[in-house]
Amino acid sequence: MLFNSYIFILFFLPFCILGYFVLNHFEKYTLAQIFLVGMSLWFYGYFNPGYLLILTASVLLNYVFYLLIRRNSGNKYAKILMISGVLLNIGILLYFKYMDFFIDNINGIFKTDIPFLYIVLPLGISFFTFQQISFIVDAYRGEIPEYRFWEYAGFVTYFPQLVAGPIVTHDELVPQFMDKGKKKFDSENMAQGIYMFTLGLAKKILLADMFGKLVSYGYATVDGLNSVTAIITMLAYTFQIYFDFSGYSDMAIGIGKMMNIDLPQNFKSPYKALTITEFWDRWHMTLTRFFTKYVYIPLGGNRKGAVRTYVNVFIVYLISGFWHGASWNFVFWGVMHGLFVIFTRRFKRFFDRISSVLNWLITFLFVNVTWVFFRAETFTQAVALLKKVFTGGVVGFDLQFIELLRSVEIVEVLSLTPMETIYPPFVLTAFFVIAFLVSLGSKNAYEKMQRFRPTFLRMVTTLFLLFWSIFSFAGISTFLYFNF
């Protein structure tokens, strides 16, 4: 089920919140937790009920490992169980997400003809797998108290963060489910949550989806692009993925807030970053946290000299690239980020001496260029688009591109005058200016929510954006991170 759908906003979310608080009001706390797990499973299996078999099996298996690890705490079997649990989770992820990728490469290298399995990737498998790996490792370390099954199931399946993060840890979520003080309806939290959800929905519908139409056109017609339209295509994806992922993160946190559940911040204005390391401290923050705690530090972190530190950094970004998708494009993207992080750390004194504006520009341009490999369907397509940026010729907008600008309904959304309708590049410029102002010149939504105070003007603005976004729904527009 999508956050940006009529059934979710008009039925699922109100029914879920109402049922959860009514059951808690009558002190049916366990039943309320079971109800929440059931609603989360409905949310997850809405488009493909077959996904539920994978998710429920994963939850049951990992809870069994947790119980066995607790029972054998302190003896030699606990470590064996922890390693087995981690390997099982990784194996399941590799099978569903990467098996056809492996087959394709084996066929290419050894000239074999192994048939593809055409496995349908279960939504969110990368997210709930990593979440459960963290749980198994923390259980082995003795960092987890005794949790009942429904508390654990709620931790894994809680629908706002189930399919695209944030990747939460047990101590961030389970104690909130157990806290009776959070089981009462709170009007201030509800107002904050609606505000946060609305900001995220507006980012997704009014900005990300509009840029997405330009991106789809550009990548489908790379050979026909010139330098201007190639740059527009590249920048459009930069802002599409920003507002798409930022919008999802805001909506997830907003839904949690409506239910008195605080989810961790996952997105902190990453395009404001002055260095690539800072970018990763701001982009998908909980994924960075996971890799730091469960990969980088166990490898030795920065405790074993500069060379070992650089190797550890490279391994983390290599895994990060591979985690994002079963394609050499993603691996290359991860490698490029890892090498650039190493480069900036090695020459930190140089980057410290240059101006913050130049540091920002270097970082932003690097992120833009590497996003091309992240978005392109093939490595060849990515290289072709970048070639167009530098060699496509500055000849302005072709007629087909202008017709595209008219067709994406940007004009209708902005309610522009007939004169502006005749000149679509003006509309495009306005959208890019808005994107730059929102991503670079304003506080992020999480900061706004922290300082939230209910006022009449804010209520009117929130309702306006909410209804504008709902009335702008058109077809199915999934979130980009659903693919990862």
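Start with helix H2, residues 29-45. Its buried residues (under 20% relative accessible area with a 1.4 Å probe, protein chains only; exposed is over 50%, partly exposed in between) are Ala32, Gln33, Phe35, Leu36, Val37, Met39, Ser40, Phe43, Tyr44 and Gly45. Helices here are DSSP runs of H or I, at least four residues, numbered from the N terminus.

This is a predicted model: local features need pLDDT of at least 70, side-chain atom pairs count only at pLDDT 80 or more, and totals for chains, interfaces and linings use all residues. Residues are numbered from 1 along each chain as its sequence is written, and side-chain values use heavy atoms, with hydrogens and water left out.

Now show what surrounds H2. Its buried residues pack against H1 (6-25), H3 (50-71), H5, H6 (149-157), H7 (159-162) and H8 (170-178). Contact means heavy atoms within 4.5 Å. Check the length too: at 1.5 Å a residue, the 17 residues of H2 should span 24 Å, and the end C-alpha atoms are 24 Å apart, which agrees. The expected span is 1.5 Å times one less than the number of residues.

Next, select Phe8. Phe8 is among the residues with the most contacts inside the largest nonpolar core, which has 149 residues. Such a core is a set of buried Ala, Val, Leu, Ile, Met, Phe, Trp, Tyr and Cys residues joined through side-chain atoms within 4.5 Å. Phe159, Tyr271, Trp283 and Trp371 are also on that list. Leaving aside neighbours within four places in sequence, the contacts of Phe8 include Phe43, Phe159, Phe197 and Ile255.

Move to helices H5 (residues 125-140) and H12 (residues 285-296). They pack at about 35°, with axes 11 Å apart. Axes are lines fitted to C-alpha atoms over the stretch in contact, and angles run from 0 to 180 degrees between N-to-C directions. From H5, display Phe130, Ile133, Ser134, Val137 and Asp138. From H12, display Leu287, Phe290, Phe291, Lys293 and Tyr294.

Go to Thr198 in helix H9 (residues 187-220). At 1% relative accessibility, Thr198 counts as buried. Beyond neighbours within four places in sequence, Thr198 is in contact with Thr462, Leu465 and Leu466.

Then pick Gln381 in helix H17 (residues 379-391). Gln381 counts as buried at 15% relative accessibility. Not counting residues up to four places away in sequence, Gln381 touches Tyr219, Val222 and Ala376.

Finish at Phe479, in the segment after helix H23 (456-471). Phe479 counts as buried at 1% relative accessibility.

Definitions and conventions: Helices (H or I, at least four residues) and strands (E, at least two) are DSSP runs, numbered from the N terminus.
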